[in-house]
Amino acid sequence: MKYIISLYFLILTQLTCFGNYILVPMDQEQNNHLKAYGVTFWVLEQEIEAEWLLNYRGGSFMFENVAHFEQELVIRGVDYTVLSNAQALQIKEEIAHPESNMDIMRLDAVPRIAVYSPPSKQPWDDAVTLVLTYAEIPYDVIFDDEVMADLLPKYDWLHLHHEDFTGQYGKFYATYGREAWYIEAQNQFEESARKHGYDKVSHLKTGVVKKIRDFCAGGGFLFAMCSATDTYDIALAAEGIDIIDYMYDGDGVDPDVHEKLNYENTFAFKDFKLKLDPYQYEYSEIDNQSYERGLREENDFFELFAFSAKWDPVPTMLTQNHQRQIKGFMGQTTAFKKHLIKSDVIVLGDCNSAKEARYIHGTFGKGTWTFFGGHDPEDYRHFVGEEPTDLNLHPSSPGYRLILNNILFPAAKKKKQKT
């Protein structure tokens with residue numbers, strides 16, 4: 001009898017200690033935060049659910065310890081801990097405590113990802129494609145042809161590359177108007193406009209932003225950075241209005257532009273005025289300029305808001321990080337003036353001293369959108385023609401983590417096929 005009891009406790013102890021779960025910590029103990037997102041995405045591709053432990057050790061991930069999972073973590077250089085059933089249960093009980101600002105978000109779908117990017121090589125890189133490649137997360141590149149052919153419903157998540165949706169080719173005319181890449185891009189855009197039945201590139205881009213708006217309305221997740229943020233809203237507000245000068249579309253600007261802008265059409269911004277000078281490298285007053293910000297690289301930071309994980313899971317997911325203070329970085333559109341942001345927009349990260357928001361989020365129809373100011377989180381002032389950032393040097397970048405939060409966000413809810 002004693003032997004049977006001893007054997008029972010031995011078996012129970014072994015079962016309790018056996019590593020049935022893997023915890024991927026996302027606090028300072030993790031040496032490669034960016035690859036950790038890629039591993040979690042890969043786990044979902046194996047048809048295994050993962051759990052996002054919101055506000056637990058920097059937003060850690062936990063999933064079953066299935067064969068070869070540890071091997072994949074080792075290959076990708078991601079730190080992890082093997083847990084017993086009892087240890088995993090203890091973590092869940094800690095998170096579930098009503099006084100803890102933590103929660104568990106189940107990830108049970110593989111987001112289908114698209115990046116809206118021109119087919120021609122541009123003289124700048126894109127932070128999202130850089131981090132997707134580094135994290136080994138698969139994505140498709142699409143552009144105007146695919147959008148106008150109504151292929152967006154194939155995807156759950158869409159990123160807008162460094163793009164100008166006003167049809168002014170980035171307002172690079174004054175500086176780069178004679179460069180071969182600029183001329184080639186303009187010719188390609190004009191040919192694309194004709195192909196789709198438009199007489200101007202600006203009209204084609206209006207058609208594109210409306211298709212993307214419909215994508216969000218149907219339940220899609222939209223993410224944009226740099227100039228793709230404000231120019232998207234400008235294009236929506238300026239539908240049917242000529243806001244660009246002759247060197248971009250062959251004729252002049254509508255003299256009553258600012259009386260005709262329709263701010264009800266926009267996602268994020270209101271009451272803004274446009275910068276109509278075709279030689280000025282700026283689209284509108286939405287972007288907080290360097291002379292207005294009063295910040296330098298040494299003191300340019302923004303703070304992530306701390307949301308209630310149990311009551312506000314969406315903004316909590318989007319702000320998971322091992323650091324709450326994020327170093328700033330510039331772009332053609334760097335930051336958004338707070339007084340020009342609509343009242344229903346959620347500010348995820350801001351710099352109060354400059355009266356600006358850097359990271360904002362909202363809903364449209366059944367879907368959501370997120371705008372992130374700046375060009376490259378690890379290159380403070382990225383110039384045209386510079387080499388792309390090597391993320392092997394920044395495997396735990398807090399700024400790049402914010403991008404990847406958005407990548408996994410759609411996995412938190414099973415998506416119905418959009419039609």
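Where does Asp 150 lie? Asp 150 is in the loop between helix 6 and strand 8, and we will come back to this residue in point 4.

1. **What you are looking at.** This is a predicted model, where local features need pLDDT of at least 70, side-chain atom pairs count only at pLDDT 80 or more, and totals for chains, interfaces and linings use all residues. Residues are numbered from 1 along each chain as its sequence is written, while side-chain values use heavy atoms, with hydrogens and water left out.

2. **The whole chain.** The chain holds 15 helices and 15 strands; helices (H or I, at least four residues) and strands (E, at least two) are DSSP runs, numbered from the N terminus. For 419 residues, a compact globule would have a radius of gyration near 22 Å, and the 23 Å of the chain agrees with that. This radius is taken over C-alpha atoms, and the globule rule is 2.2 Å times the number of residues to the power 0.38. Along the principal axes, the C-alpha atoms fill a box of roughly 95 × 45 × 40 Å.

3. **Inside and across the fold.** Of the 419 residues, 57% are buried. Here buried means under 20% relative accessible area, exposed over 50%, and partly exposed in between (1.4 Å probe, protein chains only). Take the contacts (heavy atoms within 4.5 Å) between residues at least 6 apart in sequence: 76% of them join residues at least 24 apart.

4. **Two residues with positive phi.** Back to Asp 150: its phi is near 60°, a positive value in a residue other than glycine. Asp 150 counts as partly exposed because its relative accessible area is 46%. Asn 55 is not a glycine either, and has a positive phi of about 70°. You can find Asn 55 in the loop between strand 2 (50-54) and strand 3 (60-64), and its relative accessible area of 29% makes it partly exposed.

5. **Tyr 155.** The loop between helix 6 (144-148) and strand 8 (157-160) also holds Tyr 155. With a relative accessible area of 7%, Tyr 155 is buried. Its side chain is joined to that of Asp 140 by a polar contact of 2.8 Å. A polar contact is a pair of N or O atoms within 3.5 Å; within protein, one must be able to donate a hydrogen and the other to accept it, and residues adjacent in sequence count only if both atoms are side-chain atoms. Tyr 155 and Ile 113 are 42 residues apart in sequence, yet 5.8 Å apart in space, C-alpha to C-alpha.

6. **Thr 370.** Which strand holds Thr 370? Thr 370 is in strand 15 (residues 367-372), and its 1% relative accessibility means that it counts as buried. Leaving out residues up to four places away in sequence, Thr 370 touches several others, including Leu 222, Phe 223, Ala 224 and Tyr 359.

7. **Asn 321.** Look for Asn 321 in the loop between helix 14 (313-318) and strand 11 (325-327). Asn 321 counts as buried, at 6% relative accessibility. A polar atom of its side chain lies 3.0 Å from the backbone oxygen of Pro 398. Residues up to four places away in sequence aside, Asn 321 touches Gly 58, Leu 304, Ile 326, Pro 398, Arg 401 and Leu 402.

8. Rolling a probe the size of a water molecule over the atoms shows where empty space is left. On a 1 Å grid over the protein atoms alone, a cavity is a set of points where a 1.4 Å probe fits but cannot get out, and a pocket is an open set with protein on both sides within 12 Å along at least five of seven lines; lining residues have an atom within 4 Å of a point. Grid points are joined across faces, edges and corners, and a volume is the space filled by probe spheres set on the points. The largest pocket has about 530 Å³ of space. Its lining has 25 residues, and the closest to its centre are Tyr 281, Gly 331, Gln 332, Arg 381 and His 382. Helix 7 gives the largest share of this lining, 3 residues.
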